[in-house]
Amino acid sequence: MVLELQLRQQLDNFNDQIENLPETHSRIIPTIKDYWFNLVICTKFWSAQLKFHYNIFLFNYQVKKQLFRKNKRFEYISANFQNVVNESSFYDLQAFEKKKEIIETLSNTIYGAVGEQKVESMLKKLTDDYILINDFCRTFDPPIYNKNNHDHIHSIQIDHLLISPAGVFLIETKNWSDNSINNPDLRSPVEQVLRTNYALFRLFNNQISKLNNDFSRQYWGNRKVPIKNIIVFTNKKPVEEFEFVKILTVDELLPYIKYFDASFLIEETEIIADFLLKFSEQKQVHSKLNN
């Protein structure tokens with residue numbers, strides 16, 4: 001309708017122009033002009049109709065093509081619904097998993113820090129006969145080889161080293177839930193503590209003669225520096241017991257430490273602490289707990 005209206009308006013305009021032509025003494029020129037204007041108008045009229053039908057054809061073609069694609073997509077979705085769901089949500093799920101991983105990592109870090117703070121606060125109740133080194137870590141190049149289990153120890157890290165008159169307490173803290181305790185994919189804290197124990201044993205064994213030069217009663221022979229392994233669970237505690245590692249709650253920690261008889265003088269505990277601090281990569285100043 002719009003095209004027809006436009007053509008009618010154009011035709012009316014041409015007719016007005018024909019009627020307004022000046023009169024001449026000869027009929028040849030007006031006749032030629034009439035034929036010319038009629039030819040132009042007819043040409044435009046049929047051109048407009050052809051263009052209109054072409055647009056209709058093009059529109060129908062595009063609609064059919066789009067409908068064909070949508071039908072094919074519908075057939076694919078119907079036959080592979082689960083795969084389509086997975087494909088459409090892949091990037092969103094990937095982003096969600098990344099956020100979840102970051103949250104879990106931060107949560108574990110926060111929970112671990114809270115657990116370590118609880119243990120440190122408990123250890124501060126000890127007398128100044130005890131010296132604490134937090135976050136002890138050491139890298140070995142070449143690694144230490146433990147032939148008993150064919151393990152190459154490249155590095156160690158432990159939450160707390162407590163140097164006491166009874167020896168060294170190697171303390172690892174875990175703020176785990178029941179799910180974490182029963183998760184076989186998490187690294188065994190028992191294994192971690194035993195690896196650290198063996199590495200410290202090798203350090204002491206290599207330097208024991210030098211240490212004994214500063215110990216009292218060294219004339220009896222080289223004295224041993226006992227290393228006792230403890231894992232403190234600040235949330236849930238496993239019911240099992242393990243060889244060479246004591247599993248404790250926070251409230252059980254101090255009674256267990258105080259159970260052992262003293263075999264070192266205060267000056268000797270400071271010598272042991274200085275020796276261990278020399279190997280710590282943290283270079284944290286050790287201090288007596290109540291100072």
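Predicted model: local features only at pLDDT ≥ 70, side-chain atom pairs only at ≥ 80, totals over all residues.
Modeller: Side-chain atom pairs count only at pLDDT 80 or more, totals for chains, interfaces and linings use all residues, and side-chain values use heavy atoms, leaving out hydrogens and water.

Biologist: Why is Thr269 called buried?

Modeller: Buried means under 20% relative accessible area, exposed over 50%, and partly exposed in between (1.4 Å probe, protein chains only). Thr269 has a relative accessible area of 0%, so it counts as buried. Thr269 sits in helix 7, helices being DSSP runs of H or I with at least four residues, strands runs of E with at least two, both numbered from the N terminus.

Biologist: What does Thr269 touch, leaving aside neighbours within four places in sequence?

Modeller: Its contacts (heavy atoms within 4.5 Å) are Asp129, Ile131, Ile163, Ser164, Pro165 and Phe264. The side chain of Thr269 also reaches the backbone oxygen of Ile266 at 2.6 Å.

Biologist: Why is Ile181 called partly exposed?

Modeller: Ile181 has 23% relative accessibility, and therefore counts as partly exposed. This residue lies in helix 4, residues 178-181. Beyond four places in sequence, Ile181 touches Trp176, Phe233, Lys236, Lys237 and Pro238.

Biologist: What makes a set of residues a nonpolar core?

Modeller: The members must be buried Ala, Val, Leu, Ile, Met, Phe, Trp, Tyr and Cys residues joined through side-chain atoms within 4.5 Å. The largest such core here has 36 residues, and Phe136, Leu161, Leu200, Phe204, Ile272 and Leu276 touch the most other members. Elements that each supply at least two residues include strand 1 (131-146), helix 5 (189-212) and helix 7 (266-279). Helix 5 gives the largest share, nine residues.

Biologist: Which residues are among those that Phe136 touches, not counting residues up to four places away in sequence?

Modeller: Among them are Ile156, Ile158, Leu161, Leu200, Leu276 and Phe279. There is also a second, separate core of 17 residues, which includes Met122, Leu123, Ile230 and Leu253.

Terms used:
Residues numbered from 1 in each chain as written. Polar contact = N/O pair within 3.5 Å; in protein donor to acceptor, adjacent residues only side chain to side chain.
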